Amino acid sequence: MVFQSLARLRPGCVSIPRPSKIFTRKLMLPFAAVAVLSAKLLHIYAHRQALSTEDLLRWGASFFFQDVVFILFVRMLLESRMPIFSVLGSAITMTVLVLSCGTLACYMTIYTEPDWNNAGIVLDPAWWAVLPTGLASLAFVSAAMTVIAAATQQFWIVIADMTSDVLFWPFRRCFGKNKYESLTQAPPNKYEDDTLNSSDAQGLLGYRDDDAAEQGLHFETQLPAPSKSAIGGYIICGLVVFTTIITTVLRPHDSAYTLMSWTLPLQPIVDLSGDGGPALITSHNSGPNSISDLLNGKTALSTPIPLPWLPQDKPLKGFEDWYHDGAQHYSAEADPLKVSNMQDGIISDLRGKLADVDIRHVIVVKMESIRKDVFPVKQGGKIWRKLVEATSNKTLSDEVRDRLATLTPMANSLTCDFDDGFEHANRTCRGGISANNAFTASTYTLKSVIATLCGIGPVAADFNVEAKSHFYQPCLTHVLHAFNAINHTETKKGGKEFQPYPWKSYYFQAATDSFDNQGALFPILGYQSENVITKEYLQSESARFGKSTLSDVNYFSIPEVALEDYIREAFQLAKEKNERVFLTHLTSTTHHAFGIPSEEHYVHMSEDKDLEDLSNYINAVGYSDRWLTKMLSILEEQGVANETLVVFSGDHGMPVAENGVATYHNDETASFHVPIVLSHPKLPNLAIGDVVSTMQILPTILDLLSETDSLSEESKRAATDLAKNYEGQSLLRPMHAALSNGHGDWQFSVTNPGGATLAARDGRNPNWRLTFPITSGQDWHFVDASSNSSGIFSLSFDTLRSRAESQLGTEVADWLEEAAIVSRWWLDDNQKRWHYGKYAASEDKDS
């Protein structure tokens with residue numbers, strides 16, 4: 001038979017090498033082949049939604065061209081008689097094996113391929129606690145690859161030899177000493193065989209022994225003749241090689257195909273070298289009032305707006321641009337995308353109801369990984385359905401139902417949302433404004449915190465680069481401290497006693513501040529070191545209320561209850577010293593792996609082991625809700641509940657019900673959709689359904705302080721000046737979905753860790769969202785949140801637009817084009833504002 005020799009490779013005839021011989025030259029080639037091909041198959045699988053069946057059938061073979069070249073290159077090195085090349089071949093193979101195992105393990109853990117730009121994070125000791133999460137996957141992948149490479153050793157060596165013979169056959173025919181060597185001549189054995197069966201020494205599995213004549217890197221000039229039974233194998237290899245080469249040559253010059261073609265050894269180099277920035281967008285709609293015309297040559301930077309109340313003798317932190325001649329600063333008037341509502345009156349539901357609202361203190365609570373649909377959790381929601389689908393009888397147990405029914409009572413009270421399908425004995429609303437369609441400005445915690453506290457879009461670059469960049473707006477702490485510097489000479493009859501009291505800012509978290517250089521942010525944001533409490537301080541001997549002995553609940557944090565005494569103390573001191581408290585608190589228990597203190601009651605939400613993370617997350621959400629209840633009870637205890645505005649917001653969501661445990665490169669709606677609540681017992685209950693961003697929290701706080709008469713006249717003027725110059729609209733006033741020219745109120749979300757993708761949506765079409773790839777390697781993605789579809793994916797914008805137009809119509813296609821053009825402009829202007837990247841000052845680049 002033609003495949004008689006290939007049949008010898010069936011599992012029953014494969015000889016597994018002895019352990020002592022595993023890492024020999026004979027196994028390096030199988031390791032190399034298995035490593036690069038498995039990584040390429042995963043790469044194609046990861047982008048399966050962006051690749052059409054037609055693309056795969058027509059050009060799929062070309063995706064493997066570089067992999068074939070790499071395997072043959074490794075074979076050439078391994079067969080060299082020069083030890084240096086043989087060692088080099090083994091070193092390259094082991095390196096690629098490590099890269100492949102890491103790639104597959106990463107995907108198994110967080111369902112995305114690694115971005116090699118982020119490889120340096122492993123040098124951060126604070127990140128090492130995360131490593132055990134992927135160790136099981138890494139061990140499994142490593143073992144599987146070793147077994148597969150060992151079991152298929154003979155196969156890969158034969159295939160590589162045959163492919164090499166096919167490629168070099170024309171040269172050997174032309175330059176060989178004996179062009180007409182008999183096709184029936186059996187090739188002699190090449191290696192001293194420790195691992196191959198002796199019965200395979202001839203025919204297709206035989207090897208030529210030219211070691212005596214071979215010096216250095218040498219290819220035979222005489223083609224050994226295979227037996228006729230192996231000719232079929234050569235034909236197959238030849239057809240595969242021919243198809244791979246032809247499809248590579250004929251394939252269109254499309255960056256999407258290039259992306260799919262990179263072999264694993266080159267992928268880190270490609271990632272690290274970058275691709276020159278976001279893709280250019282070809283506009284199909286040009287002319288006056290087009291989005292291209294609106295943005296052409298525009299920037300949001302201009303001369304700082306006049307602030308006549310700003311002290312001139314002593315520069316205030318956060319306002320440095322006002323003290324430097326020629327400095328450029330963000331200007332709402334110059335921003336072509338700015339939509340303002342500060343000129344409008346407040347919402348009718350609030351009109352005449354704010355005079356009795358006293359806001360002496362402000363607390364901003366950023367809630368780790370709290371997605372909107374767990375604030376509060378609801379019967380019939382995504383998480384509920386996920387748990388039901390995992391049961392055999394499609395019915396939740398009484399224990400699980402009871403746990404869900406009592407999971408988030410504080411969230412019910414804060415949002416005044418009791419329409420969750422559960423019975424509630426107590427339906428008391430605490431009072432406040434709740435945004436139901438709010439997205440975080442970033443799914444990376446530190447960037448999300450910056451966006452909320454400073455009302456700005458974070459840098460669209462990986463990790464905490466903000467700590468070394470130029471903050472282009474004063475943060476809330478800076479603004480409140482600026483109020484302290486204003487001379488409060490104007491008194492209003494009947495004014496609130498606390499109006500002229502100075503503000504004092506605190507930052508509390510039970511998590512470490514060492515991850516990604518977070519500690520460097522505190523002074524930049526305006527917090528004094530003595531008013532910052534983190535895990536390191538809580539566990540130190542110098543902790544004011546004693547060293548905490550609480551055990552960690554996840555990689556980074558101890559339970560938030562360690563902060564109780566410090567929260568209580570802040571308000572006690574404010575009462576004694578006639579101060580006003582601004583407290584920022586980042587919760588952390590709901591961070592993966594979603595642990596809770598051992599003394600807390602844990603309810604197993606599902607018997608399905610695949611839902612263990614979801615079960616842990618639900619229990620952690622319940623603990624977080626109880627902690628918020630405790631924190632608010634401290635305000636009651638201190639007698640400040642009725643004069644404290646408490647702002648609650650998720651730092652980002654968590655796609656745990658969508659089979660994810662991280663927001664890294666994840667663009668599920670659940671990663672972006674977060675709760676926002678501005679709570680005060682005297683505020684009317686108001687639910688806002690408009691498109692909202694967490695960047696709107698700061699201007700809304702300033703607006704509230706002014707409208708509730710909680711500021712002196714001088715501070716109120718300052719607050720009004722500043723609130724108008726932030727990018728976000730105030731939630732106290734009717735939201736505008738678009739500019740007067742018809743273009744939308746665009747909102748952007750930087751995806752974790754910052755430099756991979758950007759999510760864009762606008763007020764005109766609240767359910768539409770574009771995922772814009774900042775760098776190569778990411779998919780374009782359009783999703784309509786109102787549908788059950790996963791959306792449209794593509795590796796290029798032109799293809800995305802074409803698919804959207806054919807499937808959903810011209811309106812969607814035109815919106816996508818506008819979204820892409822706006823996103824690209826915003827990404828560039830974002831770097832200008834932060835003085836980042838190509839716009840960095842020379843001293844910043846040097847540092």
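Which residues in H21 meet Lys 716, Ala 719, Thr 720, Leu 722 and Ala 723 in H22? They are Pro 699, Leu 702 and Ser 706, where a meeting or contact means heavy atoms within 4.5 Å. Helices (H or I, at least four residues) and strands (E, at least two) are DSSP runs, numbered from the N terminus.

The structure is a predicted model, in which local features need pLDDT of at least 70, side-chain atom pairs count only at pLDDT 80 or more, and totals for chains, interfaces and linings use all residues. Residues are numbered from 1 along each chain as its sequence is written, and side-chain values use heavy atoms, with hydrogens and water left out.

The confidence of the prediction is considered next. pLDDT is the predictor's confidence in each residue, from 0 to 100. The protein chain has a mean pLDDT of 88, and 87% of its residues reach 70 or more. Over residues 1–14, however, the pLDDT is below 50, and this stretch has 24 contacts in the model beyond near neighbours in sequence. Residues 16–23 also stay under 50 in pLDDT, and for them the model has 13 contacts beyond four places in sequence. Where pLDDT is low, the predicted coordinates should not be read in detail.

The opening question concerned the pair formed by H21 (residues 697–707) and H22 (residues 713–723). These two helices pack at an angle of about 150°, with their axes 9 Å apart. Axes are lines fitted to C-alpha atoms, for helices over the stretch in contact, and angles run from 0 to 180 degrees between N-to-C directions. H21 and H22 are therefore roughly antiparallel to each other; angles under 35 degrees count as roughly parallel, over 145 as roughly antiparallel, 65 to 115 as roughly perpendicular and the rest as oblique. The crossing of H21 past H22 is left-handed. A crossing is left-handed if the near helix is turned anticlockwise from the far one by less than a right angle, and right-handed if clockwise. The residues of this contact of H21 with H22 comprise five nonpolar, two polar and one charged. In this division Ala, Val, Leu, Ile, Met, Phe, Trp, Tyr, Cys and Pro count as nonpolar, Asp, Glu, Lys and Arg as charged, and the others, Gly among them, as polar.

H21 also packs with helix H15 (residues 476–485), the two axes coming within 11 Å and crossing at roughly 25°. That angle makes H15 roughly parallel to H21, and the crossing of H15 and H21 is right-handed. From H15, Leu 476, Val 479, Leu 480 and Phe 483 take part, and they meet Leu 698, Ile 701, Leu 702 and Leu 705 in H21. The contact of H15 with H21 has eight nonpolar residues, with no polar and no charged ones. An α-helix has 3.6 residues a turn, so residues three or four places apart point the same way.

A further pair involves helix H11 (residues 382–389) and H19, whose axes come within 12 Å and cross at roughly 135°. Ile 383, Lys 386 and Leu 387 of H11 make the contact with Leu 614, Tyr 617 and Ile 618 of H19. By class, this contact of H11 with H19 has five nonpolar, no polar and one charged residues.

H19 itself runs over residues 612–637, and its 26 residues should span 38 Å at 1.5 Å a residue, which agrees with end C-alpha atoms 38 Å apart. The expected span of a helix is 1.5 Å times one less than its number of residues. Just after H19, Gly 639 takes a positive phi of about 75°. Helix H4 (residues 83–110) has 28 residues and reaches 40 Å from its first C-alpha to its last, close to the 40 Å expected.

Phe 375 and Pro 376 are joined by a cis peptide bond with omega of about 0°, and Pro 376 lies in the loop between strand S3 (361–367) and H11. Another cis peptide bond joins Asn 752 and Pro 753, with omega of about 5°; Pro 753 is placed in the loop between strand S12 (746–750) and strand S13 (757–762). Lys 394, although not a glycine, has a positive phi of about 55°, and it is found in the loop between H11 and helix H12 (398–405).
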